[in-house]
Amino acid sequence: MRALIGLGLVLAVAGCAQLGISRKASAPVPQSGTSETSMPLPKPAGRNAAALDTTTAAQRAEAAQKPASGEAKLGATIASLGDPTDPGFWMRTGLVSVESKGRIENPKTGKSAKVTLIPSGKPAGAGSEVSLPALRLLDVPLTELPELTVYRL
């Protein structure tokens, strides 16, 4: 069943790309300490998650480090994959009203990722979108809708 859903999603995205349809909501958000120009953009020919994830090993290692202290739990949210061509570590969520640094955690595995929290303009319970690199760092299958815990740093 998952394979059929995944195949349908791939075909829909490919069809939109051929028609020139895009759902890009905003410009890519760089991870703290990086700039938009220092993070390579994914190649349009990328056909899988590894090809679209342009983060470096150093960026992934930095994002995976848990802070020693000074974070506030904002709550939990159901997450889905955001635009896979937007590079970096980010989450669009209704749990914040201003852009800020944060961390998301998969409570099932304990893995976490430092992200830029971007206001979605939706209610807090409306769910969130997460970048491809962040979901990969959390070891979340891209077709899953996991519940993630969100912290502000």
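Is serine 131 buried or exposed, and at what relative accessibility?

Analyst: The structure is a predicted model, in which local features need pLDDT of at least 70, side-chain atom pairs count only at pLDDT 80 or more, and totals for chains, interfaces and linings use all residues. Residues are numbered from 1 along each chain as its sequence is written, and side-chain values use heavy atoms, with hydrogens and water left out.

Serine 131 counts as buried because its relative accessibility is 0%; buried means under 20% relative accessible area, exposed over 50%, and partly exposed in between, with a 1.4 Å probe and protein chains only. The residue is located in the loop between strand E5 and helix H4 (132-137). Helices (H or I, at least four residues) and strands (E, at least two) are DSSP runs, numbered from the N terminus.

Leaving aside residues up to four places away in sequence, serine 131 touches Leu81, Asp86, Gly88, Phe89 and Trp90, where contact means heavy atoms within 4.5 Å. A polar atom of the serine 131 side chain lies 2.9 Å from the backbone oxygen of glycine 88.

Leucine 81 stands opposite valine 130 in E5. Strand E1 (residues 72-81) and strand E5 (residues 128-130) pair in the parallel sense over three bridges; two strands pair if DSSP finds at least two bridges between them.

Tryptophan 90 has threonine 116 in E4 as its bridge partner. Strand E2 (residues 90-93) is covered on both faces, with Trp90 and Arg92 buried on one side and Met91 and Thr93 buried on the other. In a regular strand, side chains alternate between the two faces of the sheet. E2 runs parallel to strand E4 (residues 112-119), to which four bridges join it. Towards E5, by contrast, E2 runs antiparallel and is joined by two bridges. Arginine 92 stands opposite glutamate 129 in E5.

These pairings belong to a closed barrel of six strands in the order E1-E5-E2-E4-E3-E6, with mixed pairing. From one strand to the next the twist averages 40°, taken between axes that are lines fitted to C-alpha atoms (for helices over the stretch in contact), with angles from 0 to 180 degrees between N-to-C directions.

How values were computed: Polar contact = N/O pair within 3.5 Å; in protein donor to acceptor, adjacent residues only side chain to side chain.
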